[in-house]
Amino acid sequence: MLRRYGSKAVGLVCTTLVTGLLLTFGLVSATRAQAVDQPPPTDKQLADTRCIIGLEKFLPADYYYCLASQSYGEKNYGEAQRFFHTAASWASKPAQYVLGVMALNGDHQPVNRPLALAWLALAAERHTERFNQAYVELRAHLSPRERAESEKLLHDLQPTYADATAATRAEARYHDGMQMLRSKGIGSSYCMQGMFDAAQLAGSTIGPDQAMACPQTTTLAVQIDKKAADVFEDWHGHVTVEPLQPVETKDGKPLPPKNGSGS
């Protein structure tokens, strides 16, 4: 039988998906935080979530999902909706799923079952089991008229949110970001924008002591690759995660390390 979601349950769905974003550098998977045996973060914890703006250069789906979750915790539901939509446009399947649940539930919006099914169809387009199950379950409980209306809505959403557009541009952004890391050279460090407190930086450039505290580019690349594997989960034949390789000079030698800011 189709599960019924109350407004509190929608909050549970949203918060459970972002538990991992409360962890180191905001680079732990949101999609892995859905286990039902994990208590969801409180609104305050969500509001206090640290969203690292530098991640937008690599995986905007996760960055905007973080902002959406933070806004939801702050009870700024209009902003949460806007950021969930932005994350969805960068191929965030969790964001598309949450938008579907919120439409189904009437969470700070009118109940719209056809729209909910359209969002769940997008979330399930890679046939990831947990999203596909939700789509099949809801579809079975909609009337033929609602299904037909959902197909029209899905047709309108696909040019922006389907993988053919959203995941393709997210893949390009990811590759651009990783290429930038490679250009820093093996042995370098990279200070991702937002990792330091603004009060500590005081508007100045990052000095040698702070640069030493920044993670190695290779370490950061591993963390980003772990996130990328989740963002592009089940999108077969596209993003592959590989060890960071150095960019070479014209004579075939690796570039010397360059430390500095990610701004």
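A salt bridge is taken here as a side-chain nitrogen of Lys or Arg lying within 4 Å of a carboxyl oxygen of Asp or Glu, and in this predicted model the count by that rule comes to 11. One of them joins Asp 62 to Lys 227, whose closest N and O atoms are 2.6 Å apart. Because Asp 62 belongs to helix H3 (residues 60–73) and Lys 227 to helix H12 (residues 217–231), the pair ties together parts that are 165 residues apart in sequence. Asp 62 is buried, at 8% relative accessible area, and Lys 227 is likewise buried, at 1%.

Within helix H4 (residues 77–89), Glu 79 and Arg 82 are three residues apart, about one turn of the helix, and they form a salt bridge with closest N and O atoms 2.7 Å apart. Here Glu 79 is partly exposed at 26% relative accessible area, and Arg 82 is partly exposed at 45%.

The salt bridge between Arg 113 and Glu 146 (2.9 Å, N to O) leads on to helix H6, since Arg 113 lies in H6 and Glu 146 in helix H8 (residues 144–161), so that parts 33 residues apart in sequence are tied together. Arg 113 is partly exposed at 23%, whereas Glu 146 is buried at 12%. Salt bridges with shared partners also link Lys 93, Glu 125, Arg 126 and Asp 163 into one network.

The axes of helix H5 (residues 93–105) and helix H6 (residues 113–123) come within 7 Å and cross at roughly 165°, which means that H5 is roughly antiparallel to H6. Their crossing is left-handed, and the residues in contact include Lys 93 and Tyr 97 of H5 and Arg 113 and Trp 119 of H6. By class, this contact comprises 10 nonpolar, two polar and two charged residues.

Notes: Residues numbered from 1 in each chain as written. Predicted model: local features only at pLDDT ≥ 70, side-chain atom pairs only at ≥ 80, totals over all residues. Heavy atoms only, no water. Axes fitted to C-alpha atoms, helices over the stretch in contact; angles between N-to-C directions. Helix = DSSP H or I, 4+ residues; strand = E, 2+ residues; numbered from the N terminus. Parallel < 35°, antiparallel > 145°, perpendicular 65-115°, else oblique. Left-handed = near helix turned anticlockwise from the far one by under 90°. Contact = heavy atoms within 4.5 Å. Nonpolar A, V, L, I, M, F, W, Y, C, P; charged D, E, K, R; others polar. Buried < 20%, exposed > 50% of the residue type's maximum accessible area, 1.4 Å probe, protein only.
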